[in-house]
Amino acid sequence: MRLDPEASYFMPVSVPQRPIKAGVFEDVTFILASYETEKDAIAALLPEPFEPDDKAIVTVYYAKCPHVNFLAGHGYNMIGVDLATFFNGKQDQLRGSFGLVLWEDKMNPVTRGRELLGVPKLLAEVPDFTCQGNLWHGQASENGNLLIDVTVGPANECSEEQVAAANDSLQENHWMCWKYIPNIDGQGAAVSQPTLIGRQVTVNKSWEGQGRFTYGSTTWEENQWNSDIVDALKLLPVKEYVGGVVNNGSMTITRALNRVLV
């Protein structure tokens with residue numbers, strides 16, 4: 001077998017993947033809560049040349065993605081944490097969000113996001129969100145231990161003007177990550193590069209309310225991979241909650257728009 005340099009491979013490399021030019025997500029529901037933290041706390045978690053943005057904002061978000069094209073129309077759920085950042089590169093200077101961690105409940109999107117884009121994806125139990133009395137709630141756990149949860153509400157529906165403003169804001173927010181693949185001996189990197197994700201989100205309906213979150217409590221003996229990550233999240237103290245929003249719409253991640261930042 002000769003590997004085709006133009007083909008799309010994941011492991012196992014002996015079986016090429018069906019090429020997909022874009023990931024298309026329909027009828028996505030996002031639950032987002034943001035808070036202000038200390039700049040030094042964000043800086044400690046950002047690889048250079050990422051820097052904290054002018055306002056040190058942390059966003060905890062949940063998303064239910066029920067219809068995804070690369071899952072043959074099936075879906076999955078996710079919950080993650082983004083940091084407001086400025087990428088101060090030699091050529092690229094971009095303001096947006098740095099993907100600190102993202103938990104998902106299906107292996108297929110975890111693999112695609114990690115190996116292609118450098119999104120720091122991990123597996124967890126992420127059940128469907130609940131909505132009771134305009135109180136929206138999503139969470140992730142592992143081995144029965146809470147990792148993180150997010151709540152928005154009571155939430156009131158936004159006007160068309162507010163939805164339009166939200167879409168304008170999303171166009172200006174770049175989602176960035178860091179693709180890191182270690183050397184085979186576990187020391188140093190085979191690949192280490194900042195990435196820009198060609199993500200386009202469109203909001204159709206939106207609700208605003210009070211946003212809150214909880215970082216879980218777990219030990220290394222209970223959750224060997226995630227306990228250290230949850231402990232690191234707790235180093236981002238809450239100075240002030242700055243908003244909560246629920247959005248429903250669509251999302252597209254286009255391969256041609258993904259690139260390495262310089």
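Tyr35, Phe213, Tyr215 and Tyr241 come together as one aromatic cluster, where rings of Phe, Tyr and Trp (its six-membered ring) pair if their centres lie within 6.5 Å. This is a predicted model, in which local features need pLDDT of at least 70 and side-chain atom pairs count only at pLDDT 80 or more, while totals for chains, interfaces and linings use all residues. Residues are numbered from 1 along each chain as its sequence is written, and side-chain values use heavy atoms, with hydrogens and water left out.

Stay with the aromatics for a moment. Searching the whole structure turns up twelve aromatic pairs. One of them is Phe213 with Tyr215, a tilted pair at 4.5 Å centre to centre with 55° between the planes; planes under 30 degrees apart count as stacked, over 60 as edge-to-face and the rest as tilted. Are these two residues buried or exposed? Phe213 is buried at a relative accessible area of 12%, and Tyr215 is buried too, at 11%. Here buried means under 20% relative accessible area, exposed over 50%, and partly exposed in between, with a 1.4 Å probe and protein chains only.

Elsewhere, the charged end of Arg199 sits over the ring of Trp175, 4.2 Å from the centre.

Now to helix H2, residues 107-117. Its buried residues are Pro109, Val110, Thr111, Arg112, Gly113 and Leu117. (Helices, H or I with at least four residues, and strands, E with at least two, are DSSP runs numbered from the N terminus.) What do the buried residues of H2 pack against? Their partners are strands S5 (76-88), S6 (93-104), S7 (121-123), S12 (174-182), S13 (189-197) and S16 (240-254), with contact meaning heavy atoms within 4.5 Å. Just after H2, Gly118 has a positive phi of about 80°.

Salt bridges come next, and the structure holds six; each is a side-chain nitrogen of Lys or Arg within 4 Å of a carboxyl oxygen of Asp or Glu. Take Asp53 and Arg95, whose closest N and O atoms are 2.7 Å apart. Asp53 sits in the loop between S2 (50-52) and S3 (57-65) and Arg95 in S6, so this pair ties together parts that are 42 residues apart in sequence. Asp53 is buried at 12%, whereas Arg95 is partly exposed at 39% relative accessibility.

Glu104 and Lys121 form another salt bridge, with 3.1 Å between the closest N and O atoms. This pair links S6, which holds Glu104, to S7, which holds Lys121, across 17 residues. Both Glu104 and Lys121 are buried. Then there is Glu157 with Lys205, at 3.9 Å between the closest N and O atoms. Glu157 is in S11 (residues 156-157) and Lys205 in S14 (residues 199-209), so the bridge connects parts 48 residues apart in sequence. Lys205 is partly exposed, at 39%.

On to the backbone. Most residues other than glycine have a negative phi, and most peptide bonds are trans. Which peptide bonds are cis here? One runs from Glu48 to Pro49, with omega near 10°, and Pro49 is in the loop between helix H1 (39-43) and S2. Another joins Gly153 and Pro154, with omega about -5°; Pro154 is in the loop between S10 (145-152) and S11.

Positive phi values show up outside glycine as well. Ala72 has a phi near 55°, in the loop between S4 (67-68) and S5, and is exposed at 65%. Asn143 also has a positive phi, about 55°, in the loop between S9 and S10, and is exposed at 52%.

Leaving aside neighbours within four places in sequence, Ser141 contacts Ala124, Glu125, Leu146 and Leu147.

Terms used
A charge sits over a ring if NZ of Lys or CZ of Arg is within 6 Å of the ring centre and within 35 degrees of the ring normal.
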